[in-house]
Amino acid sequence: MNQATGAIFCLAYILGLISTAVSWGRYGILGLGIAVAIAMPKLLRKFTKNSVKVTKKRRTRQKENTLEEPLDAREELSLLEMLPRAKWVWAVAGLVAFLASVYFAVRSPQPAIDDISKLIPAGGNTQEVAVTVRGRVVSTPRLTRSGRSQFWLETDLVSEINGGEGGAVVNRPVSGKLYVTVPLLQATGLYADNTIAVVGSLYKPQPPSNPGAFDFQAYLAREGAFVGLKGRQIDWTREKAIADVNRVNSQTAAFLEPSGMQPSKIQAMRQRIVRSQLSQLNVPEGPLISAIALGKQAVDLPYNIRDYFVQAGLAHAIAASGTQVSMVLALVLALTRRFSKQLQFSFGVGALFLLVALTGFEASVCRAALMGFGTLFALVLNRQVKPLGLLLIAATILLLVNPLWIWDLGFQLSFLATLGLIVTTPPLMAKLDWMPPAIASIVVVPIAASLWVLPLLLYVFSVVSPYSILVNIIAAPLLWILSIGGMVSALAGLIFPPAGSVLAQLLDYPAKGLIAIAQYFSQLPGNSVAVGQVSVFQLIALYSLICWVWIGGRRKKEEGRRKKEEGRRKKEEGRKKKGKSRVISLPSFSSAWILPLALVAGISIIVLPAWQVQSSLFQVTLLATSGDPVLVIQDRGKVALINSGDENTVRFTVLPFLQQQGVNSVNFAIATHGHLGLSSGWGKLLQRLPIKTFYDTNAPKQIHRGNNQEFMTAVQSRQGVYFPLETNSTVDLGSTRLQLVNAEIPVVEFLVGNRTWLLVGEMTPEAQKKLVATGTLKPAQVLWWSGKALTAELLGAVGPQVAIASADEIDPETAAQLRQSKTQIFWTGRDGALQWTPAGGFKTTLESEENQTSFL
C-alpha cells in the first residue's frame, strides 16, 4: 500500500465520522463510496490519457535539450496522477467510511440498565431526587463561575430514603458517570481517584430553553453522563466509607475499595510545579504562568482573566497546545544533542508522555505529542518528515482511540490551526522574505492559524474578534517569554521548588503586561462583532474558498517552476527553437487576483445573508429567564430590549441570543422594574454592546443607588441617551409603541404590529382590584405576567387570547380560569423561550404535549 492509498483510507475514516452529523449520514456515505468506487477509476484513466500526451511532449523536449540534470519524474506528477486507479482501493475506502460511522455509533455513550440516571423517572426532567452517592472521583476539582467546585464521579453505590423522612434507607448498586458540584470548602483536599460519598440531589439537565444558549444536556452526553448531582456535603469519614463499601462488596463483590485522600504521582508532580510558581507571585499573574505552561486544566485561572483572553482572541495562550510540546521537545533535543539518536528518541518520548500526563490528556496536546513522536521516529530512521502526512496520521490515530473527538471543538481547532501553519505559513513567509525571519514569523503565524479556524469559530460562536490578529502579533514576544520561562520554571520547580519560584518571579512583569494587553483590547469598542447564525453551507463555502486559494497558490508555484525551467532550457539551446516550445500548465487566475477575489467572496458569504435577514425580520422573542422578564423586539434592523435580568442572565441568555441574531447594538433599552433599582445585568450588557437610547421607569427622584448614576454616565460615554420614563408616557420603538400604564407595579402596554401586549408585574389581589377600578387597563390580545395568582376581575378586564408567564410554574387557579375562557397558555418553565412573527405566530423553543402547534 503506497502513501496515496493510505491517505485515502485515513481521509475516508475521518469523512465517515463527519457523516454522523446527520441521521442519514451512515447510508449516505455508503452510497457515496459506491459511486466513487465506480466513477473515480474511469475519471482517472481519462485524465491519465491526456496527461500521458503532455508527459511525452515534455520528455521529447528533454531529449532534444542539452540539460545536464533531467526533470524529476515525481515533480511531473500532479495530484490526480498520484491517486490510485484500482477499483478495490475506492471500494475499500467507502467501506472504511461506512464502518467509521458504525464505530462512532457503537462508541457513543448510552445509559446502561443500572445507570444512575434511571433513578429519575421518565419525564421527570425537572424533578430532583435526594440521594447519597458513592463512587470514585475521576477528575481534578474545578472552580465554577458560581463559586462551587465541580468534578466527575464514577458511581458504584447510591442510597436513598423510601417513604420520606424516617423511612428505610435503600442501598443499590449503580453505574455511570456523574457531573457533581459541591460547595467550595467541601472539595478542599479532594483529588482524582479518591473514593467518596456525596449527599445531594440528582437532576436531569434540560435542553437549552433559549436560542443560542449553551446545551448542557448535550455536553453531559458527550462526556458520557446523563444526570447531575447538586451536592451539599462530602462524606470524608474513611471508616464509614470502608464499612459501607465492604458491606456492599459482601453482597455484590463489585465495588472499589476507597483509595484515601491522597493525590496520585502525576497530581503530586502537577501540584509541586504549580505551588512553586505561585509561592512568590500574586493572583492572577501566578495562575496565568501555570496555565501557559501546563494549560488551564492544571490551575483555576480567575474567570475575569479567562474572559479577557477569550474576548481579545488570546484563548489559545491559556490552553494546553502544541506550543508546550514543541518547546519541550526542542529543549530535550538540545540537551541530548551529544548523545546517540536512540537515546535522544528515548528521552524525547519520555518527556512527551510526562507532558501529556501533566496537562491532562487534552486533544491538542495529544495531537502535538503524536506529531512529536513521528518527528523523533524520523530522526532515528534518518527520514524526512512530511508534516501534512504526519498531521493526517495523528488525527486518524486519535480518532481511532476516541471517535467522539471528531465533534470536540478543541480537537477541531487544534488540527485546523496546525493545518494552517503547515500549508499557509511557507507562502506567507516567502512574501515577507524582505523581513527578518523572526519578525516575519510573528506576523505570519497568527494570520496562518486564524485563517483556517475563523470559519469554524463563526459557525460555533457567531462572533468575530476584529483585533485578534493584531493582538496576537503584539502579544507574541510576551507569549514566547512566558511560554519558555514557564516551561523552564516548571522543570526547575519539579526538581527543586525554590529554584522554580525564583525563575517564575522573573516572569511577573511579562505576565502583568500580557494581562494588560488582553484587558485593554477586550474592552475596546467593537472588540467583538456578531455576524448572526452561520449555516453549514456557509461553513463549507468558506473552507472551499480557502482550499481554492491554497490549491491556486500551489498551481502558481508549479507554473513558476516550469517557466523557470523553460527559461533555462531556452538559454542553453541558444534560443534555436524560439517560439516553438510551449509550457503546459493548468489554468489559474493571476496570483494578484486570487486573494482579493477570495476575500470579497468570503465577506459576501457571511455579510449578505445576515444583511438580508436583518433588513426583513420582524420578530418578538420572550426569553426564558429566572428573574426579570426579558423581551427582545427585532424590527427590520432595529432592536429593542425590555429588561436585562442579572449578570448571569445577560452572560448566559441575553448576549448569546443577540450574538446568534447578529445584533451589535441595542437601539432601545427599557428597564420596567425600576422600583428595585437598575438590574445588575445592564452594566454587563453595556460592556459588550452600546445602547443608543435607554428608558428607565425609575424616575430621577427615586434613584437611591450610586451605581444608577454611574450607569447613566456609562450610557452617555458610549454616545447613548438616558431618559426617565414616567407613568402614562408613550415611546415609539420603531413600528412598536410602548406606553407605561403604571411605573410602580409595573404595567406596560406594547402595540406590536396589530397586537396589543400587556406586561403586568407581580402584585397582591387587592392591588389588582384597585388597578382594575382605576379603568386604566385596556383589552389586550397577549397578557404577559409573572405566573402568580391573577384575579377574575383583572382577567375579565384584559380578556387575553394568549397568556404568557415568565415563570417555572403558574398558579393553578389562574390557569383554570384561563383555560375556561379558552385562552392559550404558555410559560417559560415548560415551553422555554417564545418567538412570535406576524406570519408564523407563536413558536416555543421546547416541545410540550399541550403546545405542539403554533398559535396564529
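## A tour of the helices around helix 13

Of the 856 residues of the protein chain, 47% count as buried, where buried means under 20% relative accessible area, exposed over 50% and partly exposed in between, with a 1.4 Å probe and protein chains only. The model is predicted, so local features need pLDDT of at least 70 and side-chain atom pairs count only at pLDDT 80 or more, while totals for chains, interfaces and linings use all residues. Residues are numbered from 1 along each chain as its sequence is written, and side-chain values use heavy atoms, with hydrogens and water left out.

Among contacts (heavy atoms within 4.5 Å) between residues at least 6 apart in sequence, 67% join residues at least 24 apart.

Select next helix 13, residues 363-381. Its 19 residues should span 27 Å at 1.5 Å a residue, and the end C-alpha atoms are 27 Å apart, which agrees; the expected span is 1.5 Å times one less than the number of residues. Buried residues of helix 13 include Val 365, Cys 366, Arg 367, Met 371 and Leu 376, and the buried residues of this helix pack against helix 11 (322-335), helix 12 (341-359), helix 14 (387-401) and helix 15 (409-431). Just after helix 13, Asn 382 takes a positive phi of about 55 degrees.

Now show helix 11 together with helix 12, whose axes come within 9 Å and cross at roughly 150 degrees; axes are lines fitted to C-alpha atoms, for helices over the stretch in contact, and angles run from 0 to 180 degrees between N-to-C directions. That makes helix 11 roughly antiparallel to helix 12, a term that applies to angles over 145 degrees. On the helix 11 side the contact is made by Gln 324, Val 325, Val 328, Leu 329, Val 332 and Leu 333, and on the helix 12 side by Gln 344, Phe 347, Gly 348, Ala 351, Leu 352 and Leu 355.

Finally, centre the view on Ala 293, which lies in helix 9 (residues 285-294) and is buried, with a relative accessible area of 0%. Not counting residues up to four places away in sequence, Ala 293 touches Gln 277, Gln 324, Gly 486 and Met 487. The C-alpha atoms of Ala 293 and Ile 484, 191 residues apart along the chain, are separated by 8.2 Å.

Terms used. Helix = DSSP H or I, 4+ residues; strand = E, 2+ residues; numbered from the N terminus. Parallel < 35°, antiparallel > 145°, perpendicular 65-115°, else oblique.
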